[in-house]
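Subject: Structure for your review

Dear colleague,

I am passing on the structure that we discussed, and I would be grateful if you could look through it when you have time. My notes on what was found in it follow below.

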Amino acid sequence: MSAITLERRVGGIGDPAERLDGVEKVTGAFEYASDLCRDGMLFGATLRSPIASARIRRVDIADALASPGVEAVLLAADVPGKNRFGLNFDDQPVLAEGLVRYAGEPVAVVAATSLADARAAVGRIVLDLEELPGVYDMEQALEENAPKVHELGNVLRHVHIDHGDAGAAGAEVWVEGYYETAMQDQAPLGPEAGLAVPGGDGGVDLYVTTQWLHVDREQIAPCLGLPEDKVRLHLAGVGGAFGAREDIHSQIHACLLALRTSKPVKFSYGREESFSGHVHRHPSRIWMRHGARRDGKLVAVSARLLFDGGAYASSSPAVVANAATFAAGPYEVPNVQVEATVVFTNNPPCGAMRGFGAPQVCFAHEAQMDKLARSLDIDPVELRLRNALATGSVLPTGRPLAGSAPVREVIERCAAIPLPEPEPAAGRSLLHYPGGAGGTTRGEGLRRGVGFAVGYKNVAFSEGFDDSSTARVTLRLVRGEVEAEVYTAAVEMGQGLYTLLAQIVRSELGVERVVLRRADTMIASAGSSSASRQSTMAGGAVRLACCRVREELSRRASALAADKSRPGGPAELEDLLYEPVEAEAVHRHRRTERFDEHGQGDVHAYFCFAAERAVVEVDEELGLVRVLQVAAAVDAGRVMNPLGFAGQVEGGTAQGLGLALMEEVRLARGVISNPSFTDYLIPTILDMPPVALQAVEEPEPEGPYGLKGIAESPTVVATAAVVAALRDATGRELNRAPVSPDELVGLLGPARSAGVPAVPEVPGQEAVPSYHTTGSGQQHLM
Amino acid sequence: MSPESFLRPTSFAEALEMRAARPGAIAAAGCTDVLVELNFGRLHAGELIDLTRVPELGALGVEGGTVRVGAGVTYDSLIRTAGRELPALVAAARTVGSPLIRNRGTIGGNLGSASPAGDCHPPLIACGAEVELASATSSRTVPIEDFFCGPKRSVLGPDELVAAAWVPRADGPQAFAKVGTRNAMVIAVCSLAVALHPSSRRVRTGIGSAAPVPLAARAAEAHIAGHLEETRAWETKAPLQPAAVEHFAELVSAAASPIDDVRGRAEYRRHALRVLARRMLTWCWEEYRREPRWAA
Ligand SMILES: Cc1cc2nc3c(=O)[nH]c(=O)nc-3n(C[C@H](O)[C@H](O)[C@H](O)COP(=O)(O)OP(=O)(O)OC[C@H]3O[C@@H](n4cnc5c(N)ncnc54)[C@H](O)[C@@H]3O)c2cc1C
């Protein structure tokens, strides 16, 4: 090493560094995508199908074209390139052509000089639809005579995991269960928005809310009929994502209109349109059977999973694969049989949401573990400890778990967190009863319950995907001060990634001042800010780039030292930066495999585990709930920023709690009946308890600094823990999330199944469209 | 919206003249409903008459046994000033929305919207309030129960504004409670107000969000009044008999005619009203027994 030493700076890794964007955001100075503005820009608006399954007889745009301020009205025929896009398959039309498959599907787009004019013009388009029979139920989708949502049929993917012996000798106790979870909305506060600016070169610059700039571009360019280098994406201020910004929303529409009118075009959805503008969490139906020995050791788990994918593929094939691999929970189970199907229906498309298939199965497997504990008369926490996965355990996919797996530790640390003090039933502030501000009880009908859940989630992409992230770090003098710039296409959407990247730079290079260049597609891809991956992937790339910067600094320092003409004394960092040092690096995680025909293979790179314990108080007469405390122990590998860690665990828990208690996108013949925050309820601060938090830090060999992405696992377990606590409080079965007050008071019984649906015939483990289409779409994204 | 179409009267008389001259204009107080309706395209912004600068509307005053609550009085100012005189209305105000909404939203706007879920309505009914309506040429008072004629419909004429609500001061214990599926910022799945009126020996009720209009449970009121007379309980302050309370609760529940909607099922609404009626009658009665200031 050279004469140069780099100090460790405040705000480095492990410090509670403040958010780089914090002050701007809380003072309102931050520019969100909805604030984008250009002189002379036009406003876009979308005509969406009001019904879910129909043939388009006629679309008459004459009145709309003649409407004040209107500069363009576009239909499917106006799409110059391919009229199809999609994350896993390009099965979704930019503008509907011939058929509409879900309510809310875009049919036409308008650009006008004001938003009001654009919306008025949309209202003047005559859309003549002939309603067709539709599929609105996921089990109906599997029936032989069901209408076909797509020509290739209604099965989008079926994953079959066959591990060990289906007969499963040795089980002495069996428990069975049926579970349902509802469609959940990500509810990011910032709705979809973007601004497309036509370039002089026939290309376009798009400023947009997204989670992955490059994959947007891959989908956009072919639809515009442009080469990728003519489509330049720039990150605009993202107001939350949670999976809802993985799919294309208005990107292609804005570019089409900008190119057509040669003017900047802005789209900015309102809340109601946002509900149609992004995918949701898959509703699920799950049948499970667990067999164990008397001593509590699990012998066999069989699971039948059915997910409603809605009208288009989105990332459903990957979601259902995840659900299948996690169906048995974070436990060692020698015999696992899973049949997991995601179907097409005429419901709104489902795709990525925090947890990505894991929360649904966690809800089921944890309820099963509680049932088993009861049948065996073993403490539920103890039962989980007896079966906990560990490094080297064989997974249901037949391969040993390679990375860190402190499952015992998360269970034990969570269980050891002190329970909240008992509170007297009478005499509290009204706000501290179930029912909160409504003042519905003064102590009547209260019952307490405690529930426990453990779960896990893969970090980064799986099933053989070549997952990488690129970053560039530049060190230079700005007005005599050393400044590091990080340039990556990785998306900051509120999760705190940029703060974490800056912490890495401060620690690696010993500089105080770190700036983040606006993300765009002029640098290579960073991959998606999803799958709990970006802290490790972009973080890994930044760390590598910093190492290269340091190497160059050493070279310069040695050169200076060798220079005899230079006066003595060690070189200062400033002396070395006579010109900037710049380095780019790519981070990859270990390569994974696809499933074989038995669903075996090394499909996931590594995992994050979490345990949560919820304490609830239920008003058993009104079915209203107050969650008193959530205790959480999360497997972090290494806590990079304690504030960021707490924020993710609390936020993730709130989202899981929402699904347990209130969040449900309701559908009537495929039409969303509560597309507003008046009727789609998400938890308020009064619904959210304090989270008592423990970080379990066992370094992950795959993660830089041993870290793991932790943003999803709290969501995975929170729903299961809260509903388990409700079961404990009420003694009711509660097999559906969200739990309604009607169920808590016994006016409605548990959800019932008509029987386990038959396993569909499919060509193999891959998504069905891959056996039909050739070479199109983004299939490698799985 | 152009300044010409945003009208800003500075007196009630001026506001009423504007109202008469512009039948299509929208009266706008706190705008917590108006802006939502505009955003959803259910209202169209032609002209707005901004009532926030009309001093008369913001006044709250006691006149004898009655409180005159100006239509422009916000939830926040109700909470700060009227807790003693109007406990049920103030309890309802506390449950409305969030601090932001309570800062802006007004009782006049709640009446103007006439939603079956409006939180002011059940207490106004249980208190026997009247609504003062005014036009440029006349004014009238309407008993609160005659004010509503259907979901989001009232007897308010096209040339009229709500001037005030006249609410008798509490002469006994009162309560308001609202059921919602989250613990704050929620529109009522159903709500109930109960008010004891020892001076007139009546128990009055107001049910919200469980029928096309807010309403009183008259049969329940008659039953419990009869029971209290028979047992001379107003005088003796004796505990209520559980069977009588239970029957009261049944009758409150039966008075509702709820529907199934995205916020709740009819069956649950009836059930919840029964539970609330039982609890709230008990709270009020226990307070009546406990507090020497309440007497028949
Ligand atoms: C986030 C949110 C939460 C809410 N929560 C609740 C809740 O918990 N409970 C509840 O009851 N409501 C709730 N509301 C609805 C609303 O806040 C109330 O109805 C409020 O009382 C409306 O008052 P305002 O002054 O804002 O009325 P505005 O929006 O100004 O007006 C509402 C209607 O009344 C008319 N109007 C207003 N003043 C007069 C007048 N003097 N004479 C004649 N007509 C008039 C207007 O023309 C309009 O039709 C909520 C609204 C929001 C946005």
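To begin with the place where the two chains meet, the contact takes 27 residues from chain B and 28 residues from chain A. Please keep in mind throughout that this is a predicted model. On the side of chain B that touches chain A, the elements α4 (87–95), β11 (174–179) and α12 (266–290) of chain B each supply at least two residues, and the largest share, eight residues, comes from α12(B). Sorted by class, that side of chain B consists of 14 nonpolar, six polar and seven charged residues.

Chain B itself is assigned three domains, namely domain 1 (3–49), domain 2 (57–168) and domain 3 (174–290). The centres of domain 1 and domain 2 of chain B, taken over C-alpha atoms, are separated by 18 Å, and 13 residues of domain 1 of chain B are in contact with 17 residues of domain 2 of chain B. Helix α1 (residues 12–21) of chain B gives the most to the side of domain 1 that touches domain 2, with six residues, and by class that side of domain 1 of chain B has eight nonpolar, two polar and three charged residues.

Chain B also holds an open sheet of five strands, in the order β4-β5-β10-β6-β7, with antiparallel pairing. Its edge strands, each pairing on one side only, are β4 (60–63) and β7 (139–143) of chain B, and neighbouring strands of the sheet are turned by 25° against each other on average, direction ignored. At one end of that order, strand β6 (residues 130–134) of chain B is joined to β7(B) by five bridges, the two strands running antiparallel, and Ala134(B) stands opposite Ser139(B) in β7(B).

Turning to chain A, the assignment divides the chain into domain 1 (22–30 + 468–588), domain 2 (33–132 + 191–238 + 245–277) and domain 3 (284–462 + 595–745). Between the centres of domain 1 and domain 3 of chain A, taken over C-alpha atoms, there are 37 Å, while 15 residues of domain 1 of chain A are in contact with 19 residues of domain 3 of chain A. Both α12 (497–509) and α13 (534–562) of chain A supply at least two residues each to the side of domain 1 that touches domain 3, with α13(A) giving the most, six residues. By class, this side of domain 1 of chain A has three nonpolar, 10 polar and two charged residues.

An open sheet of seven strands with mixed pairing is found in chain A, in the order β3-β5-β1-β12-β9-β10-β11. Here the edge strands are β3 (70–74) and β11 (231–235) of chain A, each of which pairs on one side only, and neighbouring strands are turned by 20° against each other on average, direction ignored. Strand β3(A) pairs with strand β5 (residues 106–112) of chain A in the antiparallel sense over four bridges, and the bridge partner of Val73(A) in β5(A) is Val110(A).

Two helices lie across strands of this sheet. Helix α3 (residues 115–123) of chain A lies across β1 (42–48), β3 and β5 of chain A and runs at about 25° to β1(A), whereas helix α6 (residues 251–261) of chain A lies across β1, β3, β5, β9 (193–198), β10 (204–208) and β12 (265–268) of chain A, running at about 30° to β9(A).

Elsewhere in chain A, strand β2 (residues 54–60) is joined by six bridges to strand β6 (residues 126–131), which runs antiparallel to β2(A), and by two bridges to strand β4 (residues 99–100), again antiparallel. Ala54(A) takes part in both pairings, standing opposite Glu131(A) in β6(A) and having Val100(A) as its bridge partner in β4(A).

With best regards

Definitions and conventions:
Residues numbered from 1 in each chain as written. Chains lettered and ligands numbered in written order. Predicted model: local features only at pLDDT ≥ 70, side-chain atom pairs only at ≥ 80, totals over all residues. Pairing = 2+ DSSP bridges. Domains from an automatic or database assignment. Contact = placed C-beta atoms within 7 Å. Nonpolar A, V, L, I, M, F, W, Y, C, P; charged D, E, K, R; others polar. Axes fitted to C-alpha atoms, helices over the stretch in contact; angles between N-to-C directions.
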